[in-house]
Amino acid sequence: MMEQILLKMENINKSFPGVQALKDVSFELNAGEIHSICGENGAGKSTLIKILCGIHGMDTGTVSINGEPVHIQNVQDARALGIAYIPQETQICPDLTVAENVFMDKIPRNGLGIVQWKKLFQKAMEVQGTLGKCAERIDVRSYAGDLTIGQRQLIEIIRALTFDAKIIALDEPTSSLSKGEIKELFELLNKLKVTGIGIIYVSHKLNEIMELCDRVTVFKDGQRAGTQLVRETNVQTLINLMVGRSIDLYGAKKEKIQGGQEFLRVEKLTSEGKIRDISFSVHGGEILGMFGIVGAGRTETSNAIFGLDSEAAGDIYVHGKKVKINSPQNAVKLGIGYVTEDRRGQGLVLCNTVRSNVSMTILKKLTKLFCMDLQQEKKISEHSIRQLNIKVTNDRVMAENLSGGNQQKVVISKWLCTNSDILIFDEPTRGIDIGAKSEIYRIMKELALGGKAIIVISSELPELLGVSDRIVVFRNGQITANLDNTDLQEQDLLQYAINY
Amino acid sequence: MSGKALTNIFNKRAASLIVVISVLALMIIVFSILSPYFLQINNFYSIGLTIAVLGILTIGQSLCLILGGFDLSVGYMLALGGVINARLTLAGIPYILTIVITLAIGAFGGFLNGIIITKLRVNAFIATLGTMTIFHGLVFILSNGSAVMVNREDFTWIGSTRLGGIPLPIIILVILYALFYLILKYTILGRKIYLVGGNADASKISGINTDNITIAVFTLSSLLAAFGGIVFASRVGAAQVTVGSTYALDSVTAALLGGIALSGGKGNIFGALLGVFIMGVLQNGLIMLNIMPYYQYIATGIVLILAIMSQTLRKKGS
């Protein structure tokens, strides 16, 4: 079959104050193709999509659809041309029904302007019917707020279909989906592709790209680094294109430290409806991985350890001594640090400076007679910036202005300056680019080699296999396996996570 | 993000303060051209006296706003502080003791606000709306609904004393602002207020007792309001029962004018003082020009919207 070029974007330039976001970028999408755009954060991939969808204007360049040049000034123009944008954070109205969310501006009304509910639900079910089994479970009469994140995304896709979208652009669609939901999404996208819709898939999860996409275009520093057929390339080639140099993502395997002291032991930790009989231990010098699908009890376990779950019961021993942890304050005092999953929501005070974010765990130590020792604070934060190679002009910059990777390093430094012996990292590399990822891995390994006990929670198997000494697997709130990471394969872990 | 973009942001923050300062400067210039009496030192003392009470209240309100909260009850706590102080003085208790007792009651009221917000998990707006109504009721019960006159010389001491020619309330105002500037900048409490206001979850996970900080801030806010009530009653020689109605929102207006963000985590206490000063100058200037004083509300409203607008437009313009 002849490949029909659906979309052509040529010589696109776009600058924001102080930054040239896109330099002479060209991009092509065929009908019936899933084309991935990947690249590190700030490489310009989202900017290109947002130009296509009318969210940003471009400085220079041309866009044509089916060979016809088009002018996209705003979101309405893009829609009229059949371009749909599915953003990373789904935009739904939680207190309206699924059907209302789907039709939004095209809700059927009678002559008096009164909503025809029956017709609305009927129409919604019709569209839903075309999507197959992943959409079947959604009741179009239920409230959108009650849906899972994966189902909300589906609503956005269904909405796109109601205005006959020919091009659907998804921005990091899987960042908060579970494994099962990802699988369903992929099935759906493959189904849509067959109908001749062109799909743009923005992601930096390379394994997903390899599994789903037909072609991949790599961006680097606002320029196109290359376009390749997925069946003719491999992950390593893509990584090299993304960073512009060879990079060994996980680094050398960490050497095992024998005979480290037991730092943390958890016995029969239980919290009704979340976790049951969780027992494990971590030693100094060790990296313990925690694997499981989203909701299997990993974050719930670390919350319970950190005193964030008042219903949790069970025994916790720190350095061999039985302890009671009722609040994060207790946990911090015992030398436990927690790099949470939600960096912006629970990790950083975005509107405060890097310096005051770094020092927020050690305020008491910095205080002499009523007054804070601001000189000492400055020294500590500057030291942290050097130690973790945080890229900022100075430590008075607001945390919100840092890239994801650098923000994560700020969160890590705030625990390093407390001298915590036990560090819990929950999804530490989520949403950060490959360069910063490999740095985070290096930091975790160095910390373990320096004698600390590290717990890493992750849904990315290659990551866990790359850094951990030992991996515990969670399923339905219980630990199903506790495995030494020697010759472990992804399938081994998956098997315990899904059924055993 | 490049270094250039970052400097832009810093300039932006400074710029929003510059807008407020220019508005103030402009007002002073216009008023002094239109009225020969405006730019005299005695007139500035008069402005200072008018804003002293609002200024004291605005300190507490600013702390609440930086914490990401809101204290609606300060207005009626002010009235309540005045009435309690007056009643105690009338009962023959030594003046200094009446102040201590009044402040203690004020602090206790704020402590209750803090407990309701943290332990009972009621939103700050609703919690202080509730206590505001309660304080309102107490004011009427304690005063029988009319002003409580006090004819004791020491009662008017704070309001009428001058040190080196400067009225004492103005000196108190300046000292309090300096004190709270130092608290916010150099103490652990000040730092924690900014952190909790910026992100309460992150602060909690970092081992900060967010409940205690919230209770402390609301306690301080009520304490300052009760003190404002003492100063106010002392100036007039009587405790007024109707003063409470506008002060809470006026103090929010002043703080917002001064660049303190409703979203919490940001703001400078001197900005708030600037906001208070703008409101005082506006009121005074209009009186000088023989304009009906009711117009001051219209003017204040316009200035507030313009000031906030200039900040948000700046943000969008990037």
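In this predicted model, helix H2 (residues 41-66) of chain B packs against helix H12 (residues 269-288) of chain B at an angle of about 140°, and the two axes lie 8 Å apart. H2(B) therefore counts as oblique to H12(B), since only angles over 145 degrees are called roughly antiparallel. The crossing of this pair is right-handed. On the H2(B) side, the contact is made by B:Asn43, B:Ser46, B:Ile47, B:Thr50, B:Ile51, B:Leu54, B:Gly55, B:Thr58, B:Ile59 and B:Ser62. H12(B) contributes B:Ile269, B:Ala272, B:Leu273, B:Val276, B:Phe277, B:Met279, B:Gly280, B:Val281, B:Gln283 and B:Asn284. Sorted by class, the residues of this contact are eleven nonpolar and nine polar, with no charged residue.

Helix H3 (residues 74-90) of chain B meets helix H10 (residues 210-236) of chain B at an angle of about 55°, with the axes 7 Å apart. This angle makes H3(B) oblique to H10(B), and H3(B) passes H10(B) in a right-handed crossing. From H3(B), the residues in this contact are B:Val74, B:Met77, B:Leu78, B:Ala79, B:Leu80, B:Gly81, B:Gly82, B:Asn85 and B:Ala86. They face B:Ser221, B:Ser222, B:Ala225, B:Ala226, B:Phe227, B:Gly228, B:Gly229, B:Ile230, B:Phe232 and B:Ala233 of H10(B). Twelve of the residues in the contact of H3(B) with H10(B) are nonpolar and seven are polar, while none is charged.

The other partner of H3(B) described here is helix H5 (residues 124-143) of chain B, which packs with H3(B) at an angle of about 25° and an axis separation of 9 Å. H3(B) is therefore roughly parallel to H5(B), and the crossing of H3(B) past H5(B) is left-handed. B:Tyr76, B:Met77, B:Ala79, B:Leu80, B:Val83, B:Ile84 and B:Arg87 of H3(B) take part in this contact. Their counterparts in H5(B) are B:Met132, B:Phe135, B:His136, B:Leu138, B:Val139, B:Leu142 and B:Ser143. The contact of H3(B) with H5(B) comprises eleven nonpolar residues, two polar ones and one charged one.

Turning to chain A, the chain is divided into domain 1 (5-243) and domain 2 (262-498). The C-alpha centres of these two domains of chain A are 33 Å apart. Where they touch, ten residues of domain 1 of chain A are in contact with eleven residues of domain 2 of chain A. Helix H9 (residues 235-243) of chain A supplies three residues, the largest share of the domain 1 side. That side of domain 1 of chain A has three nonpolar, five polar and two charged residues.

Two sheets of chain A can be followed strand by strand. One is an open sheet of six strands with mixed pairing, in the order S16-S19-S20-S13-S21-S22. Its edges are strand S16 (336-339) and strand S22 (478-484) of chain A, each of which pairs on one side only. From one strand to the next, the twist averages 20°. At one end of the order, strand S21 (residues 470-475) of chain A runs antiparallel to S22(A), and six bridges join the two. Within this pair, A:Ile471 stands opposite A:Leu483 of S22(A). Helix H18 (residues 490-498) of chain A lies across strand S13 (287-291), S21 and S22 of chain A, running at about 30° to S21(A).

The other sheet of chain A is also open, with four antiparallel strands in the order S12-S11-S14-S15. Strand S12 (275-283) and strand S15 (321-323) of chain A each have a single partner strand, so one side of each is left without a neighbour in the sheet. Neighbouring strands here are turned against each other by 15° on average, direction ignored. Three bridges link strand S14 (residues 313-318) of chain A to S15(A) in an antiparallel arrangement, where A:Val318 is found opposite A:Lys321 of S15(A). Helix H10 (residues 298-305) of chain A packs on this sheet and touches strand S11 (262-271), S12 and S14 of chain A. The direction of H10(A) makes about 110° with that of S11(A).

Definitions and conventions: Residues are numbered from 1 along each chain as its sequence is written. Chains are lettered from A and ligands numbered from 1 in the order in which they are written. This is a predicted model: local features need pLDDT of at least 70, side-chain atom pairs count only at pLDDT 80 or more; totals for chains, interfaces and linings use all residues. Two strands pair if DSSP finds at least two bridges between them. Axes are lines fitted to C-alpha atoms, for helices over the stretch in contact, and angles run from 0 to 180 degrees between N-to-C directions. Two residues are in contact if their C-beta atoms, placed from the backbone, lie within 7 Å. Angles under 35 degrees count as roughly parallel, over 145 as roughly antiparallel, 65 to 115 as roughly perpendicular and the rest as oblique. A crossing is left-handed if the near helix is turned anticlockwise from the far one by less than a right angle, and right-handed if clockwise. Ala, Val, Leu, Ile, Met, Phe, Trp, Tyr, Cys and Pro count as nonpolar, Asp, Glu, Lys and Arg as charged, and the others, Gly among them, as polar. Domain bounds come from an automatic or database domain assignment.
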